[in-house]
Amino acid sequence: MYKHKVQYYETDKMGITHHSNYIRWMEEARVSYLSDIGWDYKRLEDEGIISPVLEVNCQYKNSTTFSDDITIETSVLEFNGIKLKLGYKMYMGEKIAAEATSLHCFLDKDGRPIRLKKDFPEFFDVLNGLLIWQD
């Protein structure tokens with residue numbers, strides 16, 4: 001779980017967190033999540049893996065304001081070895097502030113797609129093991 005305290009500069013004239021900051025928090029949570037599973041960005045880059053964002057979706061449920069403590073749960077929703085879809089639940093105490101997803105692919109340093117199962121089986125196994133299986 002990733003924790004973030006809403007900063008004053010993240011709020012708008014109405015005192016509410018500007019919507020664009022939730023996307024930044026997703027990035028922070030994703031970087032933290034990958035680090036927690038043993039594949040931080042430094043390791044990925046050292047291995048020659050880059051992971052661009054293909055798509056972001058965010059549904060805002062409850063407004064947040066300056067100094068609110070936000071807890072973000074990150075999970076693997078979809079993974080096929082080529083693309084990875086992460087889910088984010090952003091909580092303000094017991095209340096859900098936002099629910100979001102981000103979709104990523106994996107490329108080598110030259111921008112060519114990587115098949116993790118073949119090229120990086122250890123990373124593939126870790127992500128595959130975290131996949132939330134759905135009926």
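Student: Why is L116 called buried?

Tutor: This is a predicted model. In it, L116 has a relative accessible area of 0%. Buried means under 20%. The value falls under that cut-off, so L116 counts as buried.

Student: Which residues does L116 touch, leaving out those up to four places away in sequence?

Tutor: They are F79, G81, F106, P121, F123, F124 and L127. Contact means heavy atoms within 4.5 Å. L116 itself is found in helix α3, residues 116-119.

Student: How far apart are L116 and I49, in sequence and in space?

Tutor: In sequence, 67 residues separate them. In space, their C-alpha atoms are 9.6 Å apart.

Student: What makes β2 and β5 a pair?

Tutor: Two strands pair if there are at least two bridges between them. Here 7 bridges join β2 to β5, residues 95-105. As one example, N57 has T101 in β5 as its bridge partner.

Student: What is the order of the strands in the sheet?

Tutor: The open sheet has 5 strands, ordered β1-β3-β4-β5-β2, with antiparallel pairing.

Student: Why is one side of β1 and of β2 left without a neighbour in the sheet?

Tutor: β1 (2-5) and β2 (53-60) stand at the edges. Each has a single partner strand, so one side stays without a neighbour. On average, neighbouring strands are turned by 20° against each other, direction ignored.

Student: Which strands does helix α1 lie across?

Tutor: Helix α1, residues 20-36, lies across β1, β2, β3, β4 and β5. It runs at about 115° to β4. Helix α4, residues 121-130, also packs on the sheet, touching β3 and β4. The direction of α4 makes about 110° with that of β3.

How values were computed. Residues are numbered from 1 along each chain as its sequence is written. This is a predicted model: local features need pLDDT of at least 70, side-chain atom pairs count only at pLDDT 80 or more; totals for chains, interfaces and linings use all residues. Side-chain values use heavy atoms; hydrogens and water are left out. Helices (H or I, at least four residues) and strands (E, at least two) are DSSP runs, numbered from the N terminus. Axes are lines fitted to C-alpha atoms, for helices over the stretch in contact, and angles run from 0 to 180 degrees between N-to-C directions. Buried means under 20% relative accessible area, exposed over 50%, partly exposed in between (1.4 Å probe, protein chains only).
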